[in-house]
Every structure is written in C-alpha cells, then in structure tokens.
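Reader: Could you walk me through this one? I would like to go from the fold down to single residues.

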Amino acid sequence: MTTMKREPSAVANPDRLIRPSVQRLHAYVPGEQPKIKGLIKLNTNENPYPPSARVLRSIQAAVDGRLRLYPNPTAQALREALAQHHRCRAENIVVGNGSDDLLALATRAFVEPSRGSKRENVSRCRVQYFIPSYSLYPVLADIQGARRNPVPLAEDFRLPQVAELRSQQTWDFEAALTFVTTPNAPSGRGYRTAGLEALCRAQRGVVVLDEAYVDFAQEHALSLALRYPHVLVARTFSKAYSLCFLRVGYLVGDARLIAALDKVRDSYNVNGLAQVGALATLRDLPYYQRNFRRIIRTRARLTATLAKLGFEVVPSQTNFILVRPPRHTAQAWMQELRARRILVRWFDAPAIRNYLRITVGTNAEADALVAAARQIAEG
Ligand SMILES: *Cc1c(COP(=O)(O)O)cnc(C)c1O
C-alpha cells in the first residue's frame, strides 16, 4: 500500500486567490430553514398551501428517462404562456432561476463596475434602492463592484414623492439601476401605481419593479413595464404560487432590455421540472386565487388580533406583516417565539430593529402565534 503524500503546494494561502471585493463581501443571509420538524415556520414568506394537485401531477409525470436531456434553453413554452397571460409577446419576457437570478442578471447587464476614480460617471455605476427593502440588492451591487445608493423611506415606509426625492438630493435620477420592491418588503406596504409611474418617469436609468408579493396586493404595475422602455417588472412563482423549491421567476419589459438580459444569462438557467411546474401553474390559476383570498383573510384577522395585544402593525399588502411588539425588544420576542417553536424574522438593521416580520400562514398557524404572543405579552 502506498501512502498518499501531499505535494508541498505553491499556494500557501488560498485566500489571496480570491478577489479582495469577494473577500470583503457580506453575503446575503437567507431565513433559516430548520432541520427539526414541527416548527411553525413564519420566517421566509413561503405559501402555507401546497401547489395544486394538477401541478404536482405534471411535475411527477415529467420525472422519467428524459431527465438525461437538457431542458428548453429559453423556456419557450413557459414564456409564450406568460406572454398570453400578460397580453404581451414572448420577446418581452425572460425567465430565471427564481427572480433572484434575474435581479442579478439586471445588475450584470445594466450597471458598470466602479473603478473608484473621481472622474468616472458615478450614476452609471450605481445600484439604487430604498431602505428598508429587499436586502439582496446591496449584495448584488457589491458582487458587481458597483456603487450602492440606499435611500431611506419615510418613517411610515411610504413611497416618497418625486418632489421630496428632488429636495433630499440623495436620490439619483440618473442611476443605472433602481430597484423598487412593490409592495415593499419587509414593511408590507403597498405602493400606488400612480406614484410608481411618477417615479419611473423621473428616472433616466433602468427601473426594476420587484413585484414578488403583488398577488396579495390591491394593484400591480405591470402596465408600466409594457409602456416605458426602461421599466422592468419582476415576478416570481415562489411566494404566491407555492413553488419556492423549484425556483422560477421572470421579468417583463421592453424586448431590447430583455434581449440584453438573455445574452448574459446561463444557457440553461431554468431547469426542466421548474418549466413544467410553472406552466402547469398557469393552467390552474383559480386554485391559487382562492389561496390568495384565504391568506388575505387570515392577514386581516391576524392584524386585528395582534393590534389588540398591543402590537403596532404596519398595514400589509403582502403575505407577511411587519409588527412592532410591545413590552420586550423585537429580538427578545423572536427568541421567546422560537422557544415556543414558532419562527419569525428579525432584521438587525437600524430602520427595522424594533420590528418583527411575520409570514401570514394558515388560520391555525396564526392562532398558534397569537396564543404564544399572549403568553409572552403577559409573562
Ligand atoms: C422572495 C423575494 C424575491 C425572490 O424570489 P425568488 O423568485 O424565490 O428568487 C425577490 N424579491 C423579493 C422582494 C422577495 O421577497
């Protein structure tokens, strides 16, 4: 028997092989997916209802010897079905491995990396977004080597008016890429299409309206993506359509921007089972619309009940609520709820440190949350 002898390596410290910007990078922190069973999971805004029986059957029927083949590289059938659904053309749609994939592609395609020089065109290197909003945006900016431009929302999380943004002077109307989470996450607040349109009209760069939660809202802004060539709307099958596991999202917008995104994506960025599952979902929409209504009803009940217990609840147009709990710190509340086997999300960020984000689950899950909250508030 020979003993394996390790060659002395020419590379003593592999860290130095990593780009400094990547060494410094603060990666995105996903919500916990617990290993232990029996926890009530209200921390990552998943849908409490399963995909429809027809969707499950379609996916199961696709699991056979064909798994050895590459899937359709452009998700053609899915894009055509989405185009019909949104009354546009397949050329107006690009599909991604979750909408996160598309947000990354937009950053890659539209934002110039910064060289850090004083003479560069700063706006062309800028990824702009409100805070609080989706915490992935700054990470995407950092990966691209772009400049971040985070601009605080008002105290009550409403969308600032263009005139307010002009007078504040921190907002960049020329920014290469502006992300707007609408309805907002993590606040849950809905934004009126008229306000979004005014903002889009004032922007000279690309605007991505991230509508991950829009099926739980009163309005959507898809028409803006079809009317303005610099506006893209991002949608996902994850939250409203119970398909987080499969990873399917898409962007709608001007064919020229879509073609640019198509150039920089991986050839097979959407796996075959995901294409099958998303396509079957579009053929079974009434099932999902019923679930939206159920979640909206539970949201109303939960909002009213927690308000009675002394929680300050931000009005929500999503499948989660942002609440400011009474008596203890939000972090302590998160821990107390965890001890009672209920997971909620707490963000250690200045604007929302005093809040918890709670996914709206089933009525039974909401009841369990309320019972635990009662104990904690009185304890
Ligand atoms: C969940 C979420 C996404 C990502 O959704 P995927 O399609 O699962 O990648 C994008 N934006 C916001 C605001 C989200 O909350």
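Author: To begin with a convention, helices (H or I, at least four residues) and strands (E, at least two) are DSSP runs, numbered from the N terminus. P132 is found in the loop between β3 (126–131) and α5 (136–144), and a cis peptide bond with omega about 0° joins I131 and P132. This is a predicted model, in which local features need pLDDT of at least 70, side-chain atom pairs count only at pLDDT 80 or more, and totals for chains, interfaces and linings use all residues. Residues are numbered from 1 along each chain as its sequence is written, and side-chain values use heavy atoms, with hydrogens and water left out.

Reader: Where is N45, and is N45 buried or exposed?

Author: N45 lies in the loop between β1 (40–41) and α2 (53–61), and its phi is positive, near 60°. Because its relative accessibility is 0%, N45 counts as buried; buried means under 20% relative accessible area, exposed over 50%, and partly exposed in between, with a 1.4 Å probe and protein chains only.

Reader: And what about phi of A75?

Author: Phi of A75 is also a positive value in a residue other than glycine, near 50°. A75 is found in the loop between α2 and α3 (76–86), and it is buried, with a relative accessible area of 2%.

Reader: Switching to the whole chain, how many helices and strands does it have?

Author: The chain has 13 helices and 12 strands, and 50% of its 379 residues count as buried. A compact globule with 379 residues would have a radius of gyration near 21 Å, and the chain agrees with this at 22 Å; the radius is taken over C-alpha atoms, and the globule rule is 2.2 Å times the number of residues to the power 0.38. Along its principal axes, the C-alpha trace spans about 65 × 60 × 60 Å.

Reader: What share of the contacts joins residues at least 24 apart?

Author: Among contacts between residues at least 6 apart in sequence, that share is 72%, where contact means heavy atoms within 4.5 Å.

Reader: Which residues does T107 contact, then?

Author: Leaving aside neighbours within four places in sequence, T107 is in contact with V127, L140, A141, Q144, L177 and F179. T107 belongs to helix α4 (residues 98–110), and it counts as buried because its relative accessibility is 2%.

Reader: Last topic: what span should helix α11 have?

Author: At 1.5 Å a residue, the 24 residues of α11 (residues 285–308) should span 34 Å, and the end C-alpha atoms, 35 Å apart, agree with that; the expected span is 1.5 Å times one less than the number of residues. The buried residues in α11 include L285, Y288, F292 and R299, and the helix is followed by G310, whose phi is positive, near 100°.
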